[in-house]
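Look at the sequence and the structure below. The briefing that follows is grouped by topic.

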Amino acid sequence: MTTSEDMVRAALRAASASGADVPIGAVVYAPDGTVLAEACNAREALGDPTAHAEVLALREAATRHGDGWRLDGCTLAVTLEPCTMCAGALVLARVSRLVFGAWEPKTGAVGSLWDVVRDRRLNHRPEVQGGVLEQECADLLERFFRTQR
Ligand SMILES: [Zn+2]
């Protein structure tokens, strides 16, 4: 059985491949617990403002999932609270469950600034678990920004 901690740990491993980009990683799990896709933030690497880890992982997962673009039953694990774009993308992808690590008080859209995924006006609302391995996820970002200064 893959726990939420295992999933965020896998996202942390994915984040370590981010190179010059802010280290954020995401992993999509199929309903049976197998990994469908993993990605790291690649905004700098791809020169693409939308190349967030979550979006890249969702795109890849949708190509591998048997049910086309619908990721019903799937779980997305990410090291940082998603932004508005990514929160919107995972609702559109019909992801059933979101697990994330650190909270993002400046841009977070899953509880911090907004709560895009649990808006009662939406008919699809994923289950959310935030703050999983929060300290490890925050430390990874802090180490990165310390070396940037
Ligand atoms: Zn994002």
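Leu-133 counts as buried because its relative accessible area is 14%, where buried means under 20%, exposed over 50% and partly exposed in between (1.4 Å probe, protein chains only). This is a predicted model, in which local features need pLDDT of at least 70, side-chain atom pairs count only at pLDDT 80 or more, and totals for chains, interfaces and linings use all residues. Residues are numbered from 1 along each chain as its sequence is written, and side-chain values use heavy atoms, with hydrogens and water left out.

- Leu-133 sits in the loop between strand S5 (127-129) and helix H5; helices (H or I, at least four residues) and strands (E, at least two) are DSSP runs, numbered from the N terminus.
- Most residues other than glycine have a negative phi.
- Leu-133 is not a glycine, yet its phi is positive, near 50°.
- Arg-94 also is not a glycine and has a positive phi, of about 65°.
- The loop that holds Arg-94 runs between helix H4 (84-92) and S4.
- With a relative accessible area of 30%, Arg-94 is partly exposed.

## The zinc site

- Three residues coordinate the zinc ion, at 2.0 to 2.3 Å: His-52 through ND1, Cys-83 through SG and Cys-86 through SG.
- Donors here are N, O and S atoms within 2.8 Å of the metal (3.2 Å for Na, K and Ca); water is not among the atoms, so sites may look incomplete.
- Along the chain, the donors of the zinc ion have the spacing H-x30-C-x2-C.
- Cys-83 is buried because its relative accessibility is 16%.
- Cys-86 is buried as well, at 0% relative accessibility.

## Helix H1 against helix H5

- Two packed helices are described by the angle between their axes and the distance between the axes.
- Helix H1 (residues 4-15) packs with helix H5 (residues 134-148) at an angle of about 10°, and their axes are 10 Å apart.
- H1 is therefore roughly parallel to H5, since angles under 35 degrees count as roughly parallel, over 145 as roughly antiparallel, 65 to 115 as roughly perpendicular and the rest as oblique.
- The axes are lines fitted to C-alpha atoms, for helices over the stretch in contact, and angles run from 0 to 180 degrees between N-to-C directions.
- From H1, Val-8, Leu-12 and Ala-15 meet Glu-136, Cys-137 and Leu-140 of H5, where contact means heavy atoms within 4.5 Å.

## Ala-11 and Thr-79

- Ala-11 belongs to helix H1 and is buried, with a relative accessible area of 0%.
- Among the residues that Ala-11 touches are Gly-25, Val-27 and Thr-79, not counting residues up to four places away in sequence.
- Ala-11 and Phe-144 lie 133 residues apart in sequence and 16 Å apart in space, C-alpha to C-alpha.
- Thr-79 is part of strand S3 (residues 75-80) and is buried, with a relative accessible area of 3%.
- The contacts of Thr-79 include Val-8, Ala-11, Leu-12 and Ala-15, as well as Cys-137, not counting residues up to four places away in sequence.

## Arg-97

- Arg-97 is in strand S4 (residues 97-102).
- Arg-97 is buried, with a relative accessible area of 19%.
- The side chains of Arg-97 and Gln-129 are joined by a polar contact of 3.0 Å; a polar contact is a pair of N or O atoms within 3.5 Å, and within protein, one must be able to donate a hydrogen and the other to accept it, while residues adjacent in sequence count only if both atoms are side-chain atoms.
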